[in-house]
Amino acid sequence: QLQLVESGGGLVQPGGSLRLSCAVSGFTEDFYTIGWFRQAPGKEREGVSCISSNDGRIDYADSVKGRFTIYRDNAEHLVYLQMNSLKPEDTAVYYCAGDGLGCVSDMDYWGKGTLVTVSS
């Protein structure tokens with residue numbers, strides 16, 4: 001079992017920044033790939049970024065490349081998503097998720113999400 005709790009969402013103006021945190025706990029949590037996903041109102045959930053536990057591989061959706069950065073602090077059991085140059089289209093509920101097999105759309109474990117609203 002893996003438990004994930006997101007925090008750090010909120011309201012930010014276009015062009016602003018936010019840092020989301022995902023607290024990871026559970027058996028051998030260091031061996032899981034952790035990903036950030038988001039779901040905007042009326043849209044399907046989409047992958048944002050993933051970081052592998054095995055080789056440190058990092059992937060980003062094209063829509064966030066150059067603006068978002070994912071990184072993990074294994075000592076603190078945290079995975080962060082630094083979001084810069086935010087746009088209104090980044091508005092969504094952001095979820096962190098974990099899976100032992102890698103970054104997939106149907107990850108095994110999910111947090112409850114944190115809302116990010118980008119608006120002036």
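The largest nonpolar core of this predicted model comprises 26 residues, of which Ile34, Trp36, Phe68, Val79, Leu81, Met83 and Tyr94 touch the most other members. A nonpolar core is here a set of buried Ala, Val, Leu, Ile, Met, Phe, Trp, Tyr and Cys residues joined through side-chain atoms within 4.5 Å; buried denotes under 20% relative accessible area, exposed over 50%, and partly exposed the range in between (1.4 Å probe, protein chains only). At least two core residues each are supplied by strands S1 (2–7), S3 (18–26), S4, S5 (46–51), S7 (68–73), S8, S9 and S11 (114–118). The greatest contribution, 4 residues, is that of S3. Strands (E, at least two residues) are DSSP runs, numbered from the N terminus. In soluble globular proteins, nonpolar side chains tend to be buried together.

Residues are numbered from 1 along each chain as its sequence is written.

Apart from neighbours within four places in sequence, Val79 is in contact (heavy atoms within 4.5 Å) with Leu20, Ser21, Cys22, Val24, Ile34, Trp36, Ile51, Ile70, Tyr71 and Arg72. Arg72 is also the bridge partner of Val79, within the antiparallel pairing of S7 and S8 over 6 bridges. Two strands are taken to pair if DSSP finds at least two bridges between them. S7 and S8 belong to an open, antiparallel sheet of 4 strands in the order S1-S3-S8-S7. S1 and S7 form its edges, each pairing on one side only. On average, neighbouring strands of this sheet are turned by 15° against each other, direction ignored; the axes are lines fitted to C-alpha atoms, and angles run from 0 to 180 degrees between N-to-C directions.

A further set of pairings involves S4 (residues 33–39). Because 6 of its 7 residues are buried, S4 is largely enclosed by the rest of the structure. S4 pairs with S9 in the antiparallel sense over 7 bridges, and Ile34 has Gly98 of S9 as its bridge partner. S4 also runs antiparallel to S5, to which 5 bridges join it. The hairpin of S4 and S5 has 6 residues between the strands, and Gly42 within the hairpin takes a positive phi near 75°.

S9 in turn pairs with S11 in the antiparallel sense over 3 bridges, with Tyr94 placed as the bridge partner of Thr114. By contrast, strand S2 (residues 10–12) runs parallel to S11, and 3 bridges join the two; Gly10 stands opposite Val116. S11 has a covered face formed by Thr114, Val116 and Val118, and an uncovered face formed by Leu115 and Thr117. In a regular strand the side chains alternate between the two faces of the sheet.

A search of the whole structure finds 5 salt bridges, each defined as a side-chain nitrogen of Lys or Arg within 4 Å of a carboxyl oxygen of Asp or Glu. Arg38, which stands opposite Glu46 of S5, also meets Glu46 in a salt bridge at 2.6 Å (N to O). Arg38 counts as buried at 6% relative accessibility, whereas Glu46 counts as partly exposed at 35%. A salt bridge also joins Arg38 to Asp90, with the closest N and O atoms 2.9 Å apart. This pair links distant parts of the chain, 52 residues apart: Arg38 lies in S4, and Asp90 in the loop between S8 (78–83) and S9 (92–99). Asp90 is buried, with a relative accessible area of 1%. Through shared partners, salt bridges join Arg38, Glu46, Arg67 and Asp90 into one network. In another salt bridge, between Lys65 and Asp62, the closest N and O atoms are 3.2 Å apart; Asp62 counts as exposed at 65% relative accessibility.

The structure also holds 4 aromatic pairs. Rings of Phe, Tyr and Trp (its six-membered ring) pair if their centres lie within 6.5 Å, with planes under 30 degrees apart counted as stacked, over 60 as edge-to-face and the rest as tilted. Tyr32 and Tyr109 form an edge-to-face pair, at 6.0 Å centre to centre and 75° between the planes. The two residues are 77 residues apart, Tyr32 in the loop between S3 and S4 and Tyr109 in strand S10 (residues 109–110). Tyr32 counts as buried at 14% relative accessibility, while Tyr109 is partly exposed, with a relative accessible area of 21%. One aromatic cluster is formed by Phe37, Tyr95 and Trp110.

Definitions and conventions: This is a predicted model: local features need pLDDT of at least 70, side-chain atom pairs count only at pLDDT 80 or more; totals for chains, interfaces and linings use all residues. Side-chain values use heavy atoms; hydrogens and water are left out.
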